[in-house]
There are 2 protein chains.
Amino acid sequence: MIKIVILGAGNVASHLIQKFHKIAEVQIIQLYNRTIEKLEEFNHVAPITNNSEEILDADVYIISVSDDFIEEVAQNLISKKGIVVHTSGSASIKRLLPNENIGVFYPLQTFSKNKEIDFSRIPFCLEAKETSSYQVLEKLANYITDSVYPIDSEQRKILHVAAVFVNNFTNYIYQMGSEICETYDIPFEILIPLIQETSNKIESLHPKEAQTGPAKRNDKTTIANHLKLLNEKQQHIYSLLTKAIQESHGEKL
Amino acid sequence: MIKIVILGAGNVASHLIQKFHKIAEVQIIQLYNRTIEKLEEFNHVAPITNNSEEILDADVYIISVSDDFIEEVAQNLISKKGIVVHTSGSASIKRLLPNENIGVFYPLQTFSKNKEIDFSRIPFCLEAKETSSYQVLEKLANYITDSVYPIDSEQRKILHVAAVFVNNFTNYIYQMGSEICETYDIPFEILIPLIQETSNKIESLHPKEAQTGPAKRNDKTTIANHLKLLNEKQQHIYSLLTKAIQESHGEKL
């Protein structure tokens, strides 16, 4: 049985609370958050507190708060013997110092408040200062996912930038698509199967091999016609990405 | 029974041939392509030809060739009575003139040569000069998909630009993510569940509502740290998309 305390009440914390609550081999012995109201929906899971002096002794403390508050929350755990980890993609493990037994427990996924998620497919990126602590984190992760990677703080920073591209920027590109449709009263839902096929394709095909379209074909007529339909901001992004695709596929010519 | 001739042997043509071959209510009576070798894999489906003088009488002629060749292929059908359609997202219906009974049969999806696809979810965008012809096209589409939209040539042009964003540009963003990972020897596969969740999210959430990340939070420290990890080309695209997201979410402030 691994005893854990989860500190935080945001999207990641909430999903972890709900998931670990269902795992027989893991006991959530306490939930902490500075604003206790946000934990009230979980008071059937474990005792809740907003008093940092009352934190109980556990095997693992999972700090799942905004990056800016990691250090502050970690300060409350200095007298504890358990492993202190955070769940951030971009914060270094060093933010947890001067705690000694420290680590990272980073689920590489986007969480929405009211959308259930299949944990078994979420890659967990783990790091720990002590080998024995890594093994505990690995055991903990294996209860909820099939996908665990040892990733140090440097690699995690890289992954986080790459994640900003494939998640935040991709999502903004979807938004641009929806705005183009809305300008002309066309339902955006027509594009959803295309969006999903585009993301499914890369399971079997490297994105560079999967590329199609007027930029790759260097189809100047279509590109010129498209630009006429766009506003200035859309034109700017269309031109930049078209040029980038052309350069990428021209490298081999 | 609807009798059809399919003209072309590219990705879209190949998928349509294979799909309609399985539909009892549709009979492919002939396949035409200028280069006959490309049709040989389908000679169990219907008689194949590369002789435009030999084209048989059908209810619908589906021209599924590169945009630049639509007019040339359409010229061969002027003596025919059937409905002449193309499958292009960007070509106007007028490319089929001087044929009189013309239309468009555009599946809004990305097709790969060796990847099977679930037709039932593909939106078919239909257009026809004659109402009775529209009804035939609608019937034909309904045999293979649950999703049919009447879309005229102007709307189709808009949809095609929006599709370039959500498909070609998104795919290029995936490529950038993979290149960032490869530079630092991190397996790109770690990002695939995130990519798929990002695309699944928009079924239940408008992309503007689904936006997360340092750009939206205006997290200047993380943005500055990310830029340090990128090469010049990546920095340029990162900065432009970050600014665009900030502007989009600042509008309401």
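This briefing describes the fold of chain A, its contact with chain B, and selected helices. The model is a predicted one. Chain A contains nine helices and eight strands, and chain B can be superposed on chain A with an RMSD of 0.1 Å by a turn of 180°. The contact between the chains takes 71 residues from each of chain B and chain A.

**Overall form of chain A**

- The C-alpha trace of chain A spans about 70 × 40 × 30 Å along its principal axes.
- Of the 253 residues in chain A, 47% are buried.
- Among contacts in chain A between residues at least 6 apart in sequence, 52% link residues at least 24 apart.

**Domains of chain A**

- Chain A is divided into domain 1, residues 2-151, and domain 2, residues 156-250.
- The centres of domain 1 and domain 2 of chain A, taken over C-alpha atoms, are separated by 36 Å.
- Domain 1 of chain A gives eight residues to the contact between the domains, and domain 2 of chain A gives six residues.
- On the side of domain 1 of chain A that touches domain 2 of chain A, five residues are nonpolar, three are polar and none is charged.

- On the side of chain B that touches chain A, at least two residues are supplied by each of α4 (153-183), α5 (192-201), α6 (207-210), α7 (214-217), α8 (220-228) and α9 (232-250) of chain B.
- The largest share of this side of chain B, 24 residues, comes from α4(B).
- By class, the side of chain B that touches chain A has 40 nonpolar, 23 polar and eight charged residues.

- The C-alpha of B:T170 is the nearest to the axis in chain B, at 2.7 Å from it.
- Both copies use the same surface, since 100% of the contact residues of chain B recur in chain A.

**Helix α3 of chain A**

- Helix α3 of chain A (residues 131-142) has twelve residues, which at 1.5 Å a residue should span 16 Å; its end C-alpha atoms are 16 Å apart, in agreement with that value.
- The buried residues of α3(A) are A:S133, A:L137, A:L140 and A:A141.
- Exposed residues A:T131, A:S132 and A:Q135 are carried by the face of α3(A) turned away from its buried side.

**Helix α9 in chains A and B**

- Helix α9 of chain A (residues 232-250) has 19 residues and reaches 26 Å from its first C-alpha to its last, close to the 27 Å expected at 1.5 Å a residue.
- Buried residues in α9(A) are A:Q234, A:Y238, A:L241, A:T242, A:A244 and A:I245. Seen down the axis of α9(A), the buried residues fall within an arc of 160°, so they line one face of the helix.
- The cover over the buried residues of α9(A) includes α4 (153-183), α7 (214-217) and α8 (220-228) of chain A, together with α4 and α9 of chain B.
- The face of α9(A) turned away from its buried side carries the exposed residues A:E232, A:K243, A:E247 and A:G250.
- In chain B, B:E232 lies in helix α9. B:E232 counts as exposed because it has 6 C-beta neighbours inside 10 Å.
- B:E232 and B:E72 are 160 residues apart in sequence and 44 Å apart in space, C-alpha to C-alpha.

Terms used:
Residues are numbered from 1 along each chain as its sequence is written. Chains are lettered from A and ligands numbered from 1 in the order in which they are written. This is a predicted model: local features need pLDDT of at least 70, side-chain atom pairs count only at pLDDT 80 or more; totals for chains, interfaces and linings use all residues. Two residues are in contact if their C-beta atoms, placed from the backbone, lie within 7 Å. Helices (H or I, at least four residues) and strands (E, at least two) are DSSP runs, numbered from the N terminus. Ala, Val, Leu, Ile, Met, Phe, Trp, Tyr, Cys and Pro count as nonpolar, Asp, Glu, Lys and Arg as charged, and the others, Gly among them, as polar. The expected span of a helix is 1.5 Å times one less than its number of residues. A residue is buried if 20 or more other C-beta atoms lie within 10 Å of its own, exposed if 12 or fewer, and partly exposed in between; C-beta atoms are placed from the backbone. Domain bounds come from an automatic or database domain assignment. Copies are superposed by least squares on the C-alpha atoms of residues with pLDDT of at least 70 in both. The arc is that of the directions from the helix axis to the C-beta atoms.
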